[in-house]
Amino acid sequence: MSPMGSFVLTSSRLTSAFKDAVLLLLVCIQCTSSTNCGGYIVIHGQASGVIASPNYPNAYPNFTRCIWTFEASTEYQVLLTINFQGQQEGAVCNDYIEIRDGSATSDVLFSSCGTLAAHNVTSTARWLRILFYSDGSVAAQGLQATYSQIYAGSVINNISSPIPDCRSHEYRCSNKECISMSYRCDGYFDCGCADGGCDEDGCGGISMSYPARIAMGIGIGIGMFVSVCMLALFIERRHNWAKLKREKNEKMKNKRRR
């Protein structure tokens, strides 16, 4: 094969690989666009809303930790209607939800790593906290829950807020969690949230959302891949032209000998 033919063939392979890489980037940007995770939600009047694990109804990412805390109006309780699919191996819960009365140290109202459909959980007073956790093994559909509030009356007014006051060496997350200052900017979402006011926000020189950071990382990877391909193409062309030059010199030597 001539050097030019080899060049055309290599360029065709490079173009195909580049198209596949760009398609992968677009798919990954799309699949990371729904990474809402955790938050502090105040419920007003007859309002209701929905929370969901990242990528729901598709499989959630590994090592996900999302914490939502809800606060109902005075004399109201929080009502969650839960659809959930987790993971369990024997007696061990790998991917699960845990619901408490407002904080990490409050009583556990409910927990599950199985499958739930329209399962209702009601807070004891005005506050409710739900944790969604997944490990690094097999992922499932995850969590979707509708929140609202129901009237309870003045009987719950004597229950004080379980939301903790963070100590001086702790960081207050936007979902009202308290974490050690040493966990700031460590690359892991210790707060249990991924939006504004969480422990990984403002880390590094450029303020970017989590999906944007993922997309940038993929873009850098594609750039490195294309650079390697271009280098391989350059080396191949140089080798072929050197081979052609040697063959030409050999022919000239043979003619002189004759």
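Strands β3, β6 (92-100), β9 (127-133) and β12 each contribute at least two residues to the lining of the second largest pocket, where strands (E, at least two residues) and helices (H or I, at least four) are DSSP runs numbered from the N terminus. This is a predicted model, in which local features need pLDDT of at least 70 and side-chain atom pairs count only at pLDDT 80 or more, while totals for chains, interfaces and linings use all residues. Residues are numbered from 1 along each chain as its sequence is written, and side-chain values use heavy atoms, with hydrogens and water left out.

**The second largest pocket**

- The lining of this pocket comprises 19 residues, of which Ser103, Ala104, Thr105, Arg129 and Glu177 lie nearest its centre.
- The space in the second largest pocket amounts to about 240 Å³, a volume being the space filled by probe spheres set on grid points that are joined across faces, edges and corners.
- A pocket is an open set of points on a 1 Å grid over the protein atoms alone, where a 1.4 Å probe fits, with protein on both sides within 12 Å along at least five of seven lines, and lining residues have an atom within 4 Å of a point.

**Disulfides**

- Across the whole structure, a search finds 6 disulfides, each defined as a pair of cysteine sulfur atoms within 2.5 Å.
- When the bonded cysteines of the protein are numbered in sequence order, the pairing reads 1-2, 3-4, 5-7, 6-9, 8-12, 10-11.
- Cys37 is joined to Cys66 with an S to S distance of 1.9 Å, and the link is left-handed, with -115 degrees about the S-S bond.
- This pair links distant parts of the chain, 29 residues apart, since Cys37 lies in the loop between α1 (3-31) and β1 (39-42) and Cys66 in strand β3 (residues 65-71).
- Cys37 is buried at a relative accessible area of 8%, and Cys66 is buried at 0%; here buried means under 20% relative accessible area, exposed over 50%, and partly exposed in between (1.4 Å probe, protein chains only).
- The sulfur atoms of Cys185 and Cys203 are 1.9 Å apart in another disulfide, which is left-handed because the torsion about its S-S bond is about -85 degrees.
- Both Cys185 and Cys203 are in the loop between β12 (178-180) and α2 (210-257), 18 residues apart, and Cys185 is partly exposed, with a relative accessible area of 39%.
- Cys193 and Cys198 also form a disulfide, with sulfur atoms 2.0 Å apart, and the torsion of about -130 degrees makes this disulfide left-handed, while both Cys193 and Cys198 are buried.

**Surface patch**

- Met216, Ile220 and Met224 make up a nonpolar surface patch with about 310 Å² of accessible area together, areas being taken from the Shrake-Rupley method with a 1.4 Å probe and, for residues, only the protein chains shown counting as cover.
- Met224 sits in helix α2 and counts as exposed, at 54% relative accessibility.

- Gly49, in strand β2, is buried with a relative accessible area of 13%, and its C-alpha is 9.9 Å from that of Leu80, 31 residues apart in sequence.
- Thr64, in the loop between β2 (49-52) and β3, is buried at 6%.

Terms used: Patch = residues over 30% accessible without salt bridge, like charges linked within 9 Å, V, L, I, M, F, W, Y side chains within 5 Å. Salt bridge = Lys/Arg side-chain N within 4 Å of Asp/Glu carboxyl O.
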